[in-house]
Amino acid sequence: MFQKKDYVVTSAQGVCIVADTPKLCVGKEQQMQYYLLQSIIDKKKRSYIPAENHETVVRAVMTKGEALQLRDFIKENRKEILENAPDKELAREWLESVIPENWCRAVIWLNQHTVTLPVEVLEYLTKANNNLLQELRYIFQNEEGVINILQVNSQFF
């Protein structure tokens, strides 16, 4: 369970801070614990997600070490990922899973695809790409050049 002031990631809002963990009424008498998530990019964006039994995937922000490991994942899997174009369902799965490696798959497709993808697929891939870049910017805030982990033409490829 996340605590107040923890930083988390969701597919809908990207990086958020757990602003509060209130108990809210569900029905007449039952109370449930919720996370009040506030986007770090747009402080006006807030959402309530049940702390248990919710459909939205919420995970802790990656550590710097985990983020740096994405370079190896991209190097080792880029060719395989590009062999099969994602359809709408797969692209949505990549986004909603909130798994950094899946978001890397989206980044690879956006930056290296030679196939024209349907608009809906591009929308999911773009959202996953933006979420991952937002998370990396948060993790490496003022460290010059580290955001290049995902840039296709960087020294890491």
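From the N terminus on, the elements of the protein chain run β-β-β-β-β-β-α-α-α-α. That makes four helices and six strands. Helices (H or I, at least four residues) and strands (E, at least two) are DSSP runs, numbered from the N terminus. The model is predicted: local features need pLDDT of at least 70, side-chain atom pairs count only at pLDDT 80 or more, and totals for chains, interfaces and linings use all residues. Residues are numbered from 1 along each chain as its sequence is written, and side-chain values use heavy atoms, with hydrogens and water left out.

Of the 157 residues of the protein chain, 41% count as buried. Buried means under 20% relative accessible area, exposed means over 50%, and partly exposed lies in between (1.4 Å probe, protein chains only). The accessible surface comes to about 9400 Å². Carbon and sulfur atoms hold 45% of that surface. These areas come from the Shrake-Rupley method with a 1.4 Å probe; for residues, only the protein chains shown count as cover. Contacts (heavy atoms within 4.5 Å) were also counted by sequence separation. Among those with a separation of 6 or more, 56% join residues 24 or more positions apart.

The largest nonpolar core has 27 residues. A nonpolar core is a set of buried Ala, Val, Leu, Ile, Met, Phe, Trp, Tyr and Cys residues joined through side-chain atoms within 4.5 Å. Within the largest core, Met62, Trp103, Leu125 and Leu132 touch the most other members. Helix H1 (64-83), H2, H3 and H4 each supply at least two residues of this core.

Helix H2 covers residues 88-97. Its buried residues are Ala91, Trp94, Leu95 and Ser97. Helix H3 (100-112) and helix H4 (119-139) are among the elements that cover them. Val98 follows H2 and sits in the loop between H2 and H3. Its phi is positive, about 60°, although Val98 is not a glycine. Most residues other than glycine have a negative phi. Val98 counts as buried because its relative accessible area is 0%.

Helix H3 has 13 residues. At 1.5 Å a residue they should span 18 Å, and the end C-alpha atoms are 18 Å apart, which agrees. The expected span is 1.5 Å times one less than the number of residues. Buried positions in H3 are Pro100, Asn102, Trp103, Cys104, Ala106, Val107, Ile108 and Trp109. They pack against strand S1 (7-10), strand S6 (59-60), H1, H2 and H4.

Two H3 residues were examined individually. Asn102 lies in H3 and counts as buried because its relative accessible area is 10%. The side chains of Asn102 and Arg105 are joined by a polar contact of 2.7 Å. A polar contact is a pair of N or O atoms within 3.5 Å; within protein, one must be able to donate a hydrogen and the other to accept it, and residues adjacent in sequence count only if both atoms are side-chain atoms. Leaving aside residues up to four places away in sequence, Asn102 touches Trp94 and Ser97. Val107 is also located in H3. Val107 is buried, at a relative accessible area of 3%. Val107 and Leu125 are 18 residues apart in sequence, yet their C-alpha atoms are 7.1 Å apart in space.

In the strand region, Ser47 belongs to strand S5 (residues 46-50). A polar contact of 2.6 Å joins its side chain to that of Gln13. Not counting residues up to four places away in sequence, Ser47 touches Gln13, Tyr35, Leu36 and Leu37. The loop between S5 and S6 contains Glu52 and Asn53. Glu52 counts as exposed because its relative accessibility is 54%. Its C-alpha is 8.0 Å from that of Tyr34, across 18 residues of sequence. Asn53 is exposed too, at 79% relative accessibility. The phi of Asn53 is near 55°, a positive value in a residue other than glycine.

A search of the whole structure finds zero disulfides. The criterion is a pair of cysteine sulfur atoms within 2.5 Å. Cys16 is buried, at 0% relative accessibility, whereas Cys25 is exposed, at 56%.
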